[in-house]
Amino acid sequence: MYWDKDIETIDRKSLQALQLKKLQGALRRSAETPFYKKVFSESGVNVEKITTLDHLKDIPFTTKNDLRLSYPDGMVTVPRKEIVRMHASSGTTGKSTVIFYTKKDVDEWATQVARGMVATGTTPDDVFQNMMGYGLFTGGLGLHYGAEKLGCMVIPMSTGNTLKQIQFLQDFQTTVIHITPSYALHLVEAIQENGVNPHDLFIKKAYLGAEPYSEATRNKIEEQYGLDAYNSYGMSEMNGPGVAFECVHKNGMHLWEDFYIPEIINPETGENLPDGEEGELVLTHINREAMPIFRYRTRDLTRIIPERCACGRTHRRIERIKGRTDDMMIVSGVNVFPSQIETVLMNIPEVGNNYQIVLERENNLDRMHIKVELYSKMFSGDIKELDRLKKNLGEALRALITINPKIELLEPGSLPPSMGKAKRVIDNRIL
Amino acid sequence: MPYQVSVFAENKPGKIERITGVLSKNNINIRAITISDSGDYGIIKLLLDRPQDGATILNDEGITATVKDIVAIRIKDKPGGLFEVASFLKANDINVEDAYGFMVKSHDEAVFVFQVENIKKTEKLLTDAGFKVLADNELYLL
């Protein structure tokens with residue numbers, strides 16, 4: 001089953017010609033933006049000289065930090081009146097990374113999602129319960145628009161509210177869910193505790209995303225619910241979810257190459273690696289009107305599967321993400337960098353320089369513990385002061401990273417010293 | 001005015017052993033001890049015969065300690081002894097934030113130690129009313 005058979009099964013040569021044409025258009029438009037004008041002039045890139053896809057290598061990488069440098073709209077190629085949407089992810093120094101969309105961009109993003117959903121067999125007959133967060137985070141709205149475009153009945157539940165989720169799964173006979181793997185594991189227990197056999201529900205498919213998880217977890221979720229679970233890939237910098245999607249064969253995710261040019265590089269040297277070799281995924285968004293991004297360092301490790309897929313799609317697949325080249329953590333679907341936490345801690349005089357982040361999975365939900373040492377010189381001897389400090393720390397962190405960590409105040413000297421490469425993050429979760 | 005030593009302690013076995021060990025080695029006598037607990041951590045409050053030395057030594061040993069002003073008064077060791085002071089404090093609208101008491105060797109007297117917002121004012125009020133407020137040396141040498 002295809003959403004658009006012609007483009008999904010296009011021959012490689014025509015696809016590459018299409019990519020080049022779109023790349024050249026995106027480059028020309030971006031050359032006028034404050035950010036890329038400067039980048040192209042500093043690195044001597046003449047966009048008119050990009051005449052083959054191979055020339056893409058001449059363009060410098062774009063990093064997450066570049067997105068911050070161009071805050072709020074240094075990469076935007078269209079007038080404000082043409083923008084209909086923005087999404088943002090939290091930043092390490094308080095500045096968010098912001099992505100803008102025109103009406104056409106929002107619609108094409110929905111197209112990418114719809115393609116993926118159709119590739120797994122979803123049809124307009126399906127009832128789609130979206131348990132991913134709505135808001136600045138792209139996870140909820142991304143699949144929402146895709147499912148609507150496809151014609152499903154969409155239940156925009158967002159995260160949490162477990163009892164209502166269960167009630168709606170039953171009352172509206174939901175057939176497709178979008179959920180983080182950790183919440184899926186939690187929800188199935190809640191379903192059983194409510195005296196319902198998950199196999200008696202109508203769910204046939206789950207789209208799992210926003211968090212890393214293993215093949216073993218997928219199998220567990222499939223077995224516990226009696227459904228097929230599909231892997232998808234995306235990030236707000238490249239619109240959101242829908243960049244790549246598994247088809248019914250569940251063997252790698254088709255990356256929509258008429259929208260993106262994928263490269264795999266050696267994260268140390270930046271050199272391109274051949275198809276099949278593992279490295280960092282670099283993506284160029286060649287189709288976004290409002291905000292093209294060239295050679296974006298995703299920091300995700302994967303490989304391109306060059307072999308043709310049995311489903312007939314010619315868009316190449318990427319393998320399940322193996323890990324990250326940076327220290328980003330994904331906690332309850334939220335991307336968190338240790339440096340964000342450090343910034344908050346260092347602004348509070350009562351805590352010392354040492355800290356440790358411990359991630360646990362309790363009842364299938366992620367828990368973040370932050371251990372901080374009390375700074376002896378600021379110790380007042382008053383327990384109310386300590387309780388207040390703990391509360392203030394928790395609130396400051398929640399405001400920045402949107403998750404609620406458990407703060408543990410420790411005696412000075414209890415954590416390993418901060419000299420050299422201290423191990424700041426201890427991840428005890430079994431993904 | 002007297003001082004108590006407040007020590008920050010995580011709630012785990014061996015903390016009191018460690019603190020008292022350091023004090024013992026340095027020949028510092030503990031007159032009273034009390035613990036405020038807040039789940040994962042707490043504050044151990046110690047009445048020491050040499051509070052300033054005690055705090056310094058504990059900090060040198062890597063134990064977070066600080067000295068804190070307190071009020072100490074002598075009360076009668078008999079029914080109603082504490083009630084007398086408590087009534088006075090209430091009448092003067094003084095809120096006791098944290099308190100403990102101990103007996104002294106003479107058996108007819110006890111000491112009531114407590115924390116309030118305005119220590120000087122409280123001490124003056126108590127003295128004027130005829131209570132036996134203890135100065136720091138008096139307290140530690142009891």
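## Helix H9 and A:Thr217

A:Thr217 is placed in helix H9 (residues 215-225) of chain A; helices (H or I, at least four residues) and strands (E, at least two) are DSSP runs, numbered from the N terminus. The structure is a predicted model, in which local features need pLDDT of at least 70, side-chain atom pairs count only at pLDDT 80 or more, and totals for chains, interfaces and linings use all residues. Residues are numbered from 1 along each chain as its sequence is written, chains are lettered from A and ligands numbered from 1 in the order in which they are written, and side-chain values use heavy atoms, with hydrogens and water left out.

A:Thr217 counts as buried because its relative accessibility is 9%; buried means under 20% relative accessible area, exposed over 50%, and partly exposed in between (1.4 Å probe, protein chains only). When neighbours within four places in sequence are left aside, A:Thr217 is in contact with A:Pro181, A:Leu185 and A:Leu431, where contact means heavy atoms within 4.5 Å.

## Overall form of chain A

Chain A has eleven helices and 21 strands. Its C-alpha trace spans about 70 × 60 × 45 Å along the principal axes. The radius of gyration of chain A is 23 Å, which agrees with the value near 22 Å that a compact globule of 431 residues would have; this radius is taken over C-alpha atoms, and the globule rule is 2.2 Å times the number of residues to the power 0.38.

Of the 431 residues in chain A, 55% are buried. Among contacts in chain A with a separation of 6 or more, 66% are accounted for by residues 24 or more positions apart.

A:Leu20 lies in helix H2 of chain A and, at 18% relative accessibility, counts as buried. Apart from its neighbours within four places in sequence, A:Leu20 is in contact with A:Ile50, A:Thr51, A:Thr52 and A:Leu53. A:Leu20 and A:Ile286 are separated by 266 residues in sequence, yet their C-alpha atoms are 8.9 Å apart in space.

The loop between helix H2 (12-30) and helix H3 (34-42) of chain A holds A:Ala31. With a relative accessibility of 16%, A:Ala31 also counts as buried. Not counting residues up to four places away in sequence, A:Ala31 touches A:Lys37, A:Phe40 and A:Val47. The C-alpha atoms of A:Ala31 and A:Val45 are 9.6 Å apart, and the two residues are 14 apart in sequence.

## Backbone features in loops

Most residues other than glycine have a negative phi, and most peptide bonds are trans. The peptide bond from A:Tyr71 to A:Pro72 is cis, with omega near -5 degrees. A:Pro72 is found in the loop between helix H4 (64-69) and strand S1 (83-89) of chain A.

Positive phi values occur at A:Ala210, near 75 degrees, and at A:Asn364, near 70 degrees. A:Ala210 is in the loop between strand S6 (205-208) and H9 of chain A, and its relative accessibility of 30% makes this residue partly exposed. A:Asn364 is in the loop between strand S18 (351-362) and strand S19 (365-374) of chain A; with a relative accessible area of 14%, A:Asn364 is buried.

## Interface of chains A and B

In the contact between the chains, 19 residues of chain A meet 20 residues of chain B. Chain A and chain B bury about 1,500 Å² between them, 56% of it on carbon and sulfur atoms; buried area is the accessible area (1.4 Å probe) that two parts lose on being put together, summed over both. A:Phe379, A:Ile383 and A:Glu411 supply 41% of the area that chain A buries against chain B, more than any other three residues.

Three salt bridges are found across the interface of chain A and chain B, a salt bridge being a side-chain nitrogen of Lys or Arg within 4 Å of a carboxyl oxygen of Asp or Glu. A:Lys390 forms a salt bridge with B:Asp40, and the closest N and O atoms are 3.7 Å apart. Helix H11 (383-401) and strand S20 (406-410) of chain A each supply at least two residues of the side of chain A that touches chain B. The residues of that side divide into eight nonpolar, four polar and seven charged; Ala, Val, Leu, Ile, Met, Phe, Trp, Tyr, Cys and Pro count as nonpolar, Asp, Glu, Lys and Arg as charged, and the others, Gly among them, as polar.
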